[in-house]
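I opened my notebook to record what I looked up in this structure, one entry at a time. Come along and check each entry against the picture.

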Amino acid sequence: MKPNFGPFSPAVEGILHGGDYNPDQWMKFYPETLEEDFRLMKLAGCNVMSVGIFAWAALEPEEGRYTFEWLDKVIDGLWQNGVYTILATPSGARPAWMAKKYPEVLRVDEMGVRALFGERHNHCLTSPVYRDRVKQMNTRLASRYRNHPGVILWHVSNEYSGECHCELCKAAFRDWLRERYHDSLDELNKAWWTAFWSHTFTSFEEINPPSRRGDSNLHGLNLDWRRFCSDQTIDFLKAEIAPLKEIAPQIPVTTNYMDFTQFPLDYYKMAKELDVVCWDNYPWWHNPAYGQDEEAARRAFIHDINRSFKGGKPFLLMESAPGPTNWQPVAKLLRPGMSALASMQAVAHGADTVQYFQWRKSLGSSEKFHAGVVDHYATERTRMFGEVAALGEDLKKLAGVIGTSADAKVAIIYDAQNHWALGDTKGPRAEHRDYFQTCVNHYKPFWDRGIAVDVIDSEAPVEGYDLVIAPMLYQVRKGVGEKLSRFVEGGGTLVTTYWSGIADDSDLCFTTGRPGPLRRVMGIWSEEIDALYDGETNPVLFAQNNLGMKGSFAADTLCDLVHLEGAEALATYQEDFYAGYPAVTVNRCGQGQAFYIACRTHDGMLDNFYQALAKQLKLPKALDTNLPKGVTASLRGDEEHAYCFLQNFEGKEHRVNLKNAQYTDALTGEPVSGTVVMRPYSYRILEPVEGE
């Protein structure tokens, strides 16, 4: 197991449990709610609250007039009632007076229209005025609360996102390009292939961000704009952090990431600036369009991304819904047990906190019907409050989990910049590129079997893994192909797929034949790729004794036509003009092996393939048993402790055979052996008996 990383703050002794708390919405009109909140927090087993996230108007109602007294009262009151404060900087939403006096702080959209005051996250991250106002605010917050015993973490802004097309941002983009391309227009024109459609630039001043009224088909421009927006956001983050660290260096910093299905920013790069990472988790439970186990695997995949950002260091679950959200198309009630199970799933995969959005439901505006621990009718008698309180009691018993991690021997590459480049392609299919879901499909066979997985970007180290999987690695950045080749030659197992090794850092196609820098290690040449219509399939047949696989599977969506250049065919297409072409190959290279899956399948092929590969590589499982559908096991531990989180995401009872292993229930202290009964939407946390 990995060594214990320790708590993110020395003040923390156990798993933190709490939520987003917005007393600034209540104190003027309903001052009595403050003491009532303190009472309810104790009943719910909450010991941390995130405060001040959108409180700029309450902290500085007029320029230069600061009113921190209400915040003093809140933080002091929380501390006196045994609740820590995660203190936010309020830059996610500026007050109306600032927008009126300094309109340049508001963003300009791609059509050149400056935003009016309203919403949130519509400020220009380049604006010197906005940066100065943020610096002044953060300096005052740090100076006032740097020594408060209750303040344990800075929550910097909130869910950074978006872009601005104002003249300041255009100028900053051009400066960014000058640095990236060493002040050489020839280098830029080559990287962007601007001779296409006579787009050659003769001055950096001719370059504008991509837009509907300008250019949106120059892929190198699009990709660099995404990189610039991400880098500019990170630069703004660093500017926010600077006064906090200068004045209160002992208090760690974080900022909350959003969902990862689109990768709004390069979170891998941003993580380097943070002491601890956190994210906001809003699953789509009980959706008949797909199984509970599928959504559970998607959530686990994202939790594992967050754990992997800093080499296995535990992350924080900063937001989650204790009930239905208000912005999903169907605000489905969580079935009994589901809220607690979803929270414990995060802990199982590396979270050292469980926090909700929101503590108390807003009375008005767009989030008034978003679930809160405390309902509009403020009482502890609601089902939702009872589940939160019960989870709080369980979390109190898991202090030994703090700082522990998973020891994964499998890594899946899910890369932000690859995601951006893939999303810009004009083929081979306009729909169903599905990069995120494809990576989850390669992840789920391990989730089903309780095998730990790290989720990394393509530039991360791969030493220490037995198996690295790189689905749809369309963009192979400089050095990545060489690194993966060394991994295989040194004894590792690599799996990649169709539509990999197509383009370089600038989204220029390789001239060395697909899959580009991976061609030698994969031992194949990909000549063409066939795009299949919806409903169209091509059977894929495995020969006997190939990795233990046998039988036929249906290929759909994309079928790569490859030629063997040293690799061996494990399976072949059965129909169309490419019948007999390899569909799955393996190349023995050095001491390792490289598999190429040349087609997309949805009928169990990946499950069978990775089951066979896990057996061949002897990949460790959290439980040495066969798990029922919808039940998974996750292991967290260090050199001294191990915790096996057994979780049932199905709405029916399941039984799990522990075989001859002996455990202790971490929540009850009772011995556990034989067969464990898992109620619907439930969890058990098992500690192996010493010697097992």
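**Ground rules.** Helices (H or I, at least four residues) and strands (E, at least two) are DSSP runs, numbered from the N terminus. I am working with a predicted model, where local features need pLDDT of at least 70, side-chain atom pairs count only at pLDDT 80 or more, and totals for chains, interfaces and linings use all residues. Residues are numbered from 1 along each chain as its sequence is written, and side-chain values use heavy atoms, with hydrogens and water left out.

**Entry: positive phi.** I looked up Glu-119, which sits in the loop between α4 (96-101) and α5 (128-145). Its phi is near 55 degrees, a positive value in a residue other than glycine. Buried or exposed, I wondered about Glu-119? The terms go by relative accessible area: buried is under 20%, exposed is over 50%, and partly exposed is in between (1.4 Å probe, protein chains only). Glu-119 has 77% relative accessibility, so it counts as exposed.

Next I turned to Ser-198, in the loop between α7 (185-192) and α8 (219-247). Ser-198 is not a glycine either, yet its phi is positive, about 55 degrees. With a relative accessible area of 67%, Ser-198 is exposed.

**Entry: cis peptide bonds.** I found a cis bond from Gly-427 to Pro-428, with omega near 0 degrees. Pro-428 belongs to the loop between α13 (416-424) and α14 (435-449). The bond from Arg-514 to Pro-515 is cis too, with omega near 5 degrees. I located Pro-515 in the loop between β13 (493-497) and α16 (519-522).

**Entry: helix α17.** This helix covers residues 605-617, which makes 13 residues. From first C-alpha to last it reaches 18 Å, close to the 18 Å expected at 1.5 Å a residue; the expected span is 1.5 Å times one less than the number of residues. I noted its buried residues: Met-605, Leu-606, Phe-609, Tyr-610, Ala-612, Leu-613 and Ala-614. A reminder to myself: an α-helix has 3.6 residues a turn, so residues three or four places apart point the same way. Just after α17, Lys-618 takes a positive phi of about 55 degrees.

**Entry: the core.** A nonpolar core is a set of buried Ala, Val, Leu, Ile, Met, Phe, Trp, Tyr and Cys residues joined through side-chain atoms within 4.5 Å. The largest one has 181 residues, and Phe-609 and Phe-260 are among the members that touch the most others. Which helix gives the most to this core? It is α11 (residues 338-348), with 8 residues. I also spotted a second, separate core of 17 residues, including Leu-188 and Phe-228.

I followed the contacts (heavy atoms within 4.5 Å) of Phe-260. Leaving aside residues up to four places away in sequence, Phe-260 touches Trp-279, Tyr-414 and Phe-436, among others.

**Entry: a sheet.** Two strands pair if DSSP finds at least two bridges between them. I traced 5 strands in an open sheet with antiparallel pairing, in the order β21-β22-β27-β24-β25. At the edges stand β21 (631-637) and β25 (671-672), each with a single partner strand, so one side of each is left without a neighbour in the sheet.

β21 and β22 pair over 7 bridges, and Val-631 stands opposite Asn-648 in β22. Strand β22 (residues 642-648) is joined to β27 (residues 682-688) by 5 bridges, where Leu-646 has Arg-684 as its bridge partner. Finally, 3 bridges join β24 (residues 663-665) to β27, with Tyr-663 partnered by Pro-688.
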